[in-house]
Amino acid sequence: MDAPTTDATPGAMDAPTTDAAPRAMDPPAPKTTRRAASAETTTPRQAKDDRAEVEAARSLVRRDAPRAEAMAEAVLERKPAPQVEASALMVLADIRRRAGDLAEAATIYARVAKLDGGAQFHEEALLRRAELLARTNARRDALAVLVESERRADFVALRPERCALTMRLLLEIDGPAAAARHAPCDGVQGAAMARARYEVAEALAATDRLAAIDILNGILRGRSSAAIAKRARTLRDRLEDD
């Protein structure tokens, strides 16, 4: 369910942080979760160089993840400006997510969502965290993150993806009727929402045919892919003939 590439209620997956040296039997704590906040000032030239290095690291995530990780870690070691720190952490979280280390990625996204200087990344960080919590069966924790995000008036860009995930989680946790009644997502359009609404209508068809037809008609009036529109029309016609 990756959303475009372009806080936060901590979930069950957060890993505790510590400044103490690890015991011999423990693996070293990841540098990304124990780096202390810096009170040092960063020169304009250094900030510019740090931003450029983070962007270079971001461009390498798909092609050379180890190099991208090393570059992002190097920037973090220099204790950069808060916005650059948030950007570097997003790179690291994306690398962990793509590598399948979902718990560590979710923890880093949560850290980004708490950074005062990383407001431009907060919406994406929380959505990615919720997606990972959902994938690891921490569905109620994921839903809590999404509900909290929906209260943020400045969270607009990723609202269709956030609402689609919310509806799917409600469908899995509380059933199709609860998902269909989720008022905060009324009026939200887009391909992701159309797919989620179709899944709800399909599940609802067995118990509330008229409600399912109403959802399907909404899909057909709104924006959706040709494939979803075709499926919605087919299901609606079948339900109307029953």
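Which residues in H8 meet which residues in H10? The legends below take up this contact and its surroundings in a predicted model.

**View 1. The whole protein chain, as an orientation for the close-ups.** In this predicted model, the protein chain holds 12 helices and zero strands, and its pattern along the sequence reads α-α-α-α-α-α-α-α-α-α-α-α. Of the 242 residues in the protein chain, 45% count as buried.

**View 2. Helix H8 and what covers its buried residues.** Helix H8 runs over residues 159–174, and its 16 residues should span 22 Å at 1.5 Å a residue, which agrees with the 21 Å that separates its end C-alpha atoms. The buried residues of H8 are Glu161, Arg162, Cys163, Ala164, Leu165, Thr166, Met167, Arg168, Leu169, Leu170 and Leu171. Among the elements that cover these buried residues are helix H6 (119–135), helix H7 (139–150), helix H9 (176–180) and helix H10 (191–204). Just after H8 comes glycine 175, whose phi is positive, at about 100 degrees.

**View 3. The contact of H8 with H10.** On the H8 side, the residues that take part are Pro160, Cys163, Ala164, Met167, Arg168 and Leu171, and in H10 they meet Ala192, Met193, Arg195, Ala196, Arg197, Glu199, Val200 and Ala203. Sorted by kind, the residues of this contact of H8 with H10 comprise 10 nonpolar, no polar and four charged. Cys163, Ala164, Met167, Arg168 and Leu171 also belong to the buried residues of H8. The axes of H8 and H10 lie 8 Å apart and the two helices pack at an angle of about 15 degrees; they are therefore roughly parallel to each other, and their crossing is left-handed.

**View 4. The contact of H10 with H12.** H10 also packs with helix H12 (residues 226–241), at an angle of about 20 degrees and with the axes 10 Å apart, which makes H10 roughly parallel to H12. The crossing of H10 and H12 is left-handed. From H10, the contact draws on Ala194, Arg195, Tyr198, Ala201 and Glu202, while H12 supplies Ile228, Arg231, Ala232 and Leu235. The residues of the contact of H10 with H12 fall into six nonpolar, no polar and three charged. Arg195 of H10, listed here, is also one of the residues that H8 meets.

View 5. Serine 225 is placed in the loop between helix H11 (209–221) and H12, and it counts as partly exposed because its relative accessibility is 30%. Although serine 225 and alanine 191 are 34 residues apart along the chain, their C-alpha atoms are separated by 6.0 Å.

View 6. Most residues other than glycine have a negative phi. Lysine 79, in the loop between helix H3 (65–77) and helix H4 (82–99), has a positive phi near 55 degrees and is not a glycine; its relative accessibility is 26%, so it counts as partly exposed. Asparagine 137 is located in the loop between H6 and H7 and likewise has a positive phi, of about 70 degrees, without being a glycine. With a relative accessible area of 60%, asparagine 137 is exposed.

Definitions and conventions
Residues are numbered from 1 along each chain as its sequence is written. This is a predicted model: local features need pLDDT of at least 70, side-chain atom pairs count only at pLDDT 80 or more; totals for chains, interfaces and linings use all residues. Side-chain values use heavy atoms; hydrogens and water are left out. Helices (H or I, at least four residues) and strands (E, at least two) are DSSP runs, numbered from the N terminus. The expected span of a helix is 1.5 Å times one less than its number of residues. Buried means under 20% relative accessible area, exposed over 50%, partly exposed in between (1.4 Å probe, protein chains only). Contact means heavy atoms within 4.5 Å. Axes are lines fitted to C-alpha atoms, for helices over the stretch in contact, and angles run from 0 to 180 degrees between N-to-C directions. Angles under 35 degrees count as roughly parallel, over 145 as roughly antiparallel, 65 to 115 as roughly perpendicular and the rest as oblique. A crossing is left-handed if the near helix is turned anticlockwise from the far one by less than a right angle, and right-handed if clockwise. Ala, Val, Leu, Ile, Met, Phe, Trp, Tyr, Cys and Pro count as nonpolar, Asp, Glu, Lys and Arg as charged, and the others, Gly among them, as polar.
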